[in-house]
Amino acid sequence: INTSTIEQTGLGFDFYARKWVIPIFDMSCNLVGFRYRGALFSEKKVWTEKGTPKTLARFYGADTAKTCYCVEGEWDSLIMVQWLLENNQKDFMVVSPSNGTSSLLSVMPQLQLNKFEQIKLIMDNDSAGDKATEEVIKSYPMVVDGRGFLKQSGINDINDFYLKRVANND
């Protein structure tokens, strides 16, 4: 994560507790809670501040965005923002279910679906991601599975995809 992405998304770091602090904004850009991740990226543990609602968390984007990317987790959302900005994309929103893929279908109504030209789901390339994507597309046919690039490369998520591109200088 570069400094520009940190500034754009409000990501923080608690040096005393040695943890990343991920602000959770609702679709109206109100701060509604926090998620945390340990300082070391090798540690996958993520936990939620008590009282943080199950919501569709908005990580980046204006209300006028034409494309919405719904990504599985917080870190994937941050990387998605960074990757799109690095590729000169400007008119997009990135959201994520604050409580993981199992809550995706229940929080989708928070997204005003008719205001976007495109809505792409980029859940992880695994059975949970497959299930969540299938459920959402069945209920909301205007939403598309945006994981083609992950499936073609056999990569699990947008974070791994980005790291592979950086390692290959793509």
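Q: How many bridges pair strand E1 (residues 12–14) with E2, and in which sense?
A: E1 and E2 pair in the antiparallel sense over three bridges. Strands of a sheet pair through backbone hydrogen bonds, either parallel or antiparallel. Here two strands pair if DSSP finds at least two bridges between them; strands (E, at least two residues) and helices (H or I, at least four) are DSSP runs, numbered from the N terminus. The model is predicted: local features need pLDDT of at least 70 and side-chain atom pairs pLDDT 80 or more, while totals for chains, interfaces and linings use all residues. Residues are numbered from 1 along each chain as its sequence is written, and side-chain values use heavy atoms, without hydrogens and water.

Q: Which residue of E2 is the bridge partner of Phe13, and which residue in the hairpin takes a positive phi?
A: The partner of Phe13 is Trp20 in E2. Four residues lie between the strands of this hairpin, and Arg18 takes a positive phi near 55°.

Q: Which strand do seven bridges join to E2?
A: Strand E3 (residues 31–38) is joined to E2 (residues 19–25) by seven bridges, and the two run antiparallel. Opposite Ile22 stands Arg35 in E3, and opposite Val21 stands Tyr36 in E3. The hairpin of E2 and E3 has five residues between the strands, with Cys29 at a positive phi near 70°. E3 is also joined by three bridges to strand E4 (residues 46–48), again antiparallel, and there Tyr36 has Trp47 as its bridge partner.

Q: How many residues of E2 are buried?
A: Buried means under 20% relative accessible area, exposed over 50%, partly exposed in between (1.4 Å probe, protein chains only). In E2, six of the seven residues are buried, so the strand is largely enclosed by the rest of the structure.

Q: What is the strand order in the open sheet of five strands?
A: The order is E5-E7-E6-E8-E9, with mixed pairing. Strands E5 (56–60) and E9 (143–145) are the edges, each pairing on one side only.

Q: Which strands does helix H2 touch, and which does helix H4 lie across?
A: Contact means heavy atoms within 4.5 Å. Axes are lines fitted to C-alpha atoms, for helices over the stretch in contact, and angles run from 0 to 180 degrees between N-to-C directions. H2 (residues 74–86) packs on the sheet, touching E5, E6 (67–71), E7 and E8 (118–122), and its direction makes about 170° with that of E7. H4 (residues 127–139) lies across E8 and E9, at about 150° to E9.

Q: Where do the buried residues of H4 fall, seen down its axis?
A: An α-helix has 3.6 residues a turn, so residues three or four places apart point the same way. In H4, the buried residues are Gly129, Ala132, Thr133 and Val136. They fall within an arc of 100°, so they line one face of the helix; the arc is that of the directions from the helix axis to the C-beta atoms. Helix H3 (104–107), E8 and E9 are among what covers them. The face turned away carries the exposed residues Ser127, Lys131, Glu134 and Lys138.
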